[in-house]
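Q: I have just opened this one and would like to get my bearings. Could you walk me through some of the strands?

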Amino acid sequence: LSKVKSDLMIPENNKNHHTEEISTERLIVRRGQPFTITVSFSAPVHNYLRQMKRTFLIVQTGSHRDKADEIQTEFPISSVGDQNQWSAAVEEQDPNFWTLCVNTPANAPIGQYTLLLRASKSSHFLGNFTLLFNPWCRDDEVFLANEAQRQEYILNQDGIIYQGTENAVLAQPWDFSQFEEDMIDISFTLLALGEHFQGEKDPALRKDPVHTCRAVAAMMNCSESRSLTEFEPWQHSNGIPPSKWLGSSPILRQWIASKLQPVRYRQCWVFAAVLSFFCTVLRCLGIPTRVVTGFTWAHNTKSSLSVDEYYDEDGTLLTQDNTAHVWTFHVWNECWMARTDLPPEYSGWQALDATCQEKSKGPSFCGPAPVHAIKEGDTQVDYDVCYFFAAINAKCQVWIHKADDTLRPAFGGTKYTGNNISTKSVGSERCEDITHNYKYPEGSLQEKKVLDKAYRNMKEIETTTSSSTTQFIPIPTALEEPVNLFIHLQSKSSLQLGQDITLSIEVFNHSGGEKATHLVLGIQALHYNGVPIAQLWKEEFHFNLQSNSVNNLQVSVPYTWFGKELGENHLLRLTAVLRDEDSFYMYLAQEEISICDSPLTIEFPENMVQYEPSTAKISLQNPLMEPLEQCVIAVTGRGLIYRQRNYRLGSVQAKSMQELQIPFTPTRAGPRRLTARLTCLQLKNLKSYRTTNIAAA
């Protein structure tokens, strides 16, 4: 053949493959779906059929086709293509050009490929293309039948991560940015490094979404590798507090810019958001993924359904190494795929948790574990179903560590985990409760059957695997609880900024005689993992309770007593410890509440059009009785403004409002989100967001 030129028809192909948001200059296609290219020749090609029979296409990964750790496939150009394998067919032809339809198999390894044309003994470079998983293809293991779900779990870049408590769920905006152009290269860099440090060098493994998920997860916290993030809890002096991040792309770009040095001081919800790869990376690579939050989560239980927590006599949680067994909330990911390595009932959503786990063997992350297996108690199923099952089914017994170093059970303080599991709903910003996907109703016959099956499964594993150190301990028989006293603590599950806390405590005496009691009320600021930051308030009461009577207490705690020491997650634990002075029995009641009101509001004009200048208004209402000092508002909005803007407002007086005008020119049509974050001396990283619709020009 004479000199060859090619047109990869990038705009048309990328649009057909739902990748035009990633790039309009690079060919990015999805496996199992054909794409079209044209090949032109500098001189006419005579005897077309004979020439076609000795012309081939070559696809290969890497820059050296002879390397053993790369993929190379050669296939003929014919008049009819084969959709089940690499193939090419001539759709149109004349003496000076051919239009070729190139088919990729639905199980082809994802990656970055070079496309060559070979005729006789010479090869001609046609171009490069990137191949991704394809949830639109029925034969792909990540096929997702519902178009609205594909739009949400692949194409939507505006996410929400839920925090707070099980009774006061807070929505935090998160920008996945999976289609910003450099994200695809960063995603494959992470995948390659994860494979390297797991010792997996066969590029053919990339056809498997399970392999891809585990390789990416390994790069999140692998201590031996140049992991993406590094955990040093609650120490922000040399890093950025996790709540200050607004999205995935700045974290990923910082990792690349620092020559793969870990981005420090992450939390599980930052893990889950960045790993949207697992949401940024996995969505970018084509695997449907969503972020899930579980409230009251048992962490590092080592597959035990029985965990213990220890409190002092003032009601403060005692921890070792700054860790707690029961977290206020925990965030992980679910990715959608067929599990060809397992029976078909385990296909569908798979739970994947990149947070460091204390495991006896294997990697420190968990999953992908079939959500169906977790619900059914099939704890023998790969990967790590037993860890997820224990985390959402454990029962926590609370003990009081007395001053004389003795332990007393705290009656009434038992915690049950996995009470609320939530994710963002499809096509809206509403919170969807998906607890039923993970658990049968509490106390139901199905739940009892599942727990019994889980015990049997683990006993079988222990007998067949003598070297295993994992123990699946059943829930113990409840402590025989005296019915003499009962304590009930009640407060609002959420507070607005500046609002006082009102505690309502009822102490019941069901005994036949008078009781002398000692009551300690306390408030602690919390990290998201349940570890206390500081004791903010404590008050003690002594009173006698007559037989079969109740004592009601109403206590108000001013905001000024606790507001200055709120942690970055704005969580508080309220505790009431009651001691029977006669029997020395201890009783505990506790509530966790969140400060949930953002002082920022965002307003848009009614009608906005792409490429036409417009202005948004951000209002900052100071709810406190003191000025807010050194106020800075950070504003981001992909398709609305270019990069993050920071506005310095100085001081905002007590109980006053300050408005900020944000000029912008929208460059993209459709739903667009503007996010604002307030930081000042008194309040840290409070966020607000608003989504608007931009009309196409």
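Q: Why is strand β32 largely enclosed by the rest of the structure?

A: Keeping in mind that this is a predicted model, strand β32, which covers residues 586-595, is largely enclosed because eight of its 10 residues are buried, where buried means under 20% relative accessible area.

Q: Which way does β31 run against β32, and how many bridges join them?

A: Strand β31, residues 571-580, runs antiparallel to β32, and nine bridges join the two. Within that pairing, L572 stands opposite I593 of β32.

Q: And what about the hairpin of β31 and β32, how many residues are between the strands?

A: There are five residues between the strands of that hairpin, and F584 takes a positive phi there, near 65 degrees.

Q: Is β21 parallel or antiparallel to β32?

A: Strand β21, made of residues 407-411, pairs with β32 in the parallel sense over two bridges, and F411 stands opposite Y587 of β32. Strand β26, residues 494-495, also runs parallel to β32 and is joined to it by two bridges, with L495 opposite I595.

Q: Changing topic: in what order do the four strands of the open sheet come?

A: The order is β36-β35-β38-β39, with antiparallel pairing. The edge strands are β36 (645-652) and β39 (686-694), each of which pairs on one side only, and neighbouring strands of this sheet are turned against each other by 20 degrees on average, direction ignored.

Q: How many bridges join β35 to β36?

A: Six bridges join strand β35, residues 628-636, to β36 in an antiparallel arrangement, and I633 stands opposite Y647 of β36.

Notes
Residues are numbered from 1 along each chain as its sequence is written. This is a predicted model: local features need pLDDT of at least 70, side-chain atom pairs count only at pLDDT 80 or more; totals for chains, interfaces and linings use all residues. Side-chain values use heavy atoms; hydrogens and water are left out. Buried means under 20% relative accessible area, exposed over 50%, partly exposed in between (1.4 Å probe, protein chains only). Two strands pair if DSSP finds at least two bridges between them. Axes are lines fitted to C-alpha atoms, for helices over the stretch in contact, and angles run from 0 to 180 degrees between N-to-C directions.
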